[in-house]
Amino acid sequence: MSLQFGPYVLCGWKVFSDMELPELSAWSATVPKEQTLRIQFGALPDTGEISHFAVTEEEDVLLRVPGVAGFHLHAAEHRVTIQMEGSSDPLLVRNFLYGSVLAVLCYKRGLFPLHGASVLLNGSAVILSGPSGSGKSTLATALARRGHPLLCDDVCAIDTKVPGRPLLWPAFPRVKLLADAISNFELGAAMTYSRAASGTKGHFGMTAFSSTAVVSCPVPVAAVYALESPSGDKVERSLQKGKDAFLLLDSQAHRGWMGRNLGLHGQLFRHITALASSVPVYLLRRPRVLERLDETANLLETAHHDQPVIAGSKS
Amino acid sequence: MNSRYYVPMNDNSVIVRADGWLTAWIDNDLMMMHAESNFYLNLSGSGGRIWELLEHPCTVPDLCNALASEFDIQPETVRPEVLAFLDQLFLRKAIDVDPPILA
């Protein structure tokens with residue numbers, strides 16, 4: 001006998017899962033579309049060679065994370081099979097589920113997975129994009145602690161079907177943080193930690209922001225901020241035009257190489273050009289010290305005509 | 001100014017867009033990607049305008065006359081730049097010449 005969890009909501013999909021997914025919000029009847037996704041435990045097909053990423057003849061996708069789990073994304077069904085490896089750390093497995101697996105699901109379902117975190121400012125999604133370690137989650141946390149709803153972290157699922165009006169489908173209000181940011185925000189007690197020892201590369205924590213409203217419906221994208229790293233001493237944004245905007249977004253397509261391996265070059269090009277031609281793309285420079293995080297949060301609130309919702313909760 | 005042809009064509013050759021290119025304007029840049037090779041091109045300034053003019057197959061004199069009229073300059077003034085630009089497009093397989101002429 002096994003337990004089933006859900007339904008949860010993830011990017012507008014109704015999710016039923018064999019694995020508890022505490023970061024996801026409960027399904028609500030107000031979510032406008034109803035595509036289902038089933039996440040189940042099971043064995044992965046034996047494909048002979050062990051590969052980190054493979055596409056089968058049936059166009060199923062196999063992802064393997066050595067020491068953690070294997071994931072089988074079924075092309076013909078709305079289903080993901082997870083094969084845990086030995087003493088898999090459930091948080092680590094969920095981390096890959098919410099990252100690489102979600103990105104592939106986006107590609108397969110016609111959404112653009114942009115590497116970034118997003119918060120709701122003045123009714124629209126402001127996306128903080130950039131390479132790993134550039135401070136996306138930390139800045140998103142600072143804004144969430146001011147009361148702005150967190151929409152996603154790591155994968156921003158963007159729908160570009162409506163010309164001139166890209167929409168972001170919220171994933172879930174949780175962030176993944178490293179030790180220094182956890183300490184800065186004094187979030188220690190609220191975090192769920194990975195099993196890796198503190199101070200090692202695999203050590204991180206995840207927390208959900210239940211204090212802010214959960215947004216499950218799609219929201220228009222207001223802007224994309226590419227976090228520059230290394231950054232300067234001033235807090236400033238500069239608008240990127242034309243090919244510069246295109247190249248910034250192209251470089252941050254989440255697991256873009258997987259999308260291309262799925263033969264979706266054209267789809268990626270259309271997503272990126274649709275996004276870059278309809279929302280401003282900025283390069284965001286700021287000092288990389290946690291003590292000055294407020295200045296960057298202030299700039300974003302001012303630029304998007306919003307202000308802190310929760311008094312006294314500035315980062 | 002150099003106005004000789006590098007691409008194997010002459011003033012009577014008809015230039016056509018090659019198949020398989022996806023294009024989109026972002027601000028004043030025309031982004032292009034070849035659907036099979038995943039090769040990107042970016043045409044800025046009058047380059048994007050030349051691509052637009054190539055929507056209908058035309059000759060080099062046609063292109064030069066159209067651009068000269070739009071920018072209020074003499075056709076012979078734009079010719080060297082047009083030829084150099086077509087050379088770049090041809091090298092990257094973005095245009096074909098009909099009929100091809102052996103160099």
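Q: How many residues does the contact take from chain B, and how many from chain A?
A: This is a predicted model, in which local features need pLDDT of at least 70, side-chain atom pairs count only at pLDDT 80 or more, and totals for chains, interfaces and linings use all residues. Residues are numbered from 1 along each chain as its sequence is written, with chains lettered from A and ligands numbered from 1 in the order in which they are written. Two residues are in contact if their C-beta atoms, placed from the backbone, lie within 7 Å. The contact draws on 13 residues from chain B and twelve residues from chain A.

Q: Which element gives the most to the side of chain B that touches chain A?
A: Elements are DSSP runs numbered from the N terminus: helices (H or I, at least four residues) and strands (E, at least two). Strands E2 (21–26), E3 (29–34) and E4 (40–44) of chain B each give two or more residues to that side. With four residues, the one that gives the most is E2(B).

Q: In what order do the three strands of chain B form their open sheet?
A: Strands pair if DSSP finds at least two bridges between them. E2(B) and E3(B) pair in the antiparallel sense over six bridges, and B:Thr23 stands opposite B:Met32 in E3(B). The three strands of chain B, with antiparallel pairing, follow the order E2-E3-E4.

Q: What angle does helix H1 of chain B make with E4(B)?
A: Angles run from 0 to 180 degrees between N-to-C directions, with axes fitted as lines to C-alpha atoms, for helices over the stretch in contact. Helix H1 (residues 46–53) of chain B lies across E3 and E4 of chain B. Its angle to E4(B) is about 105°.
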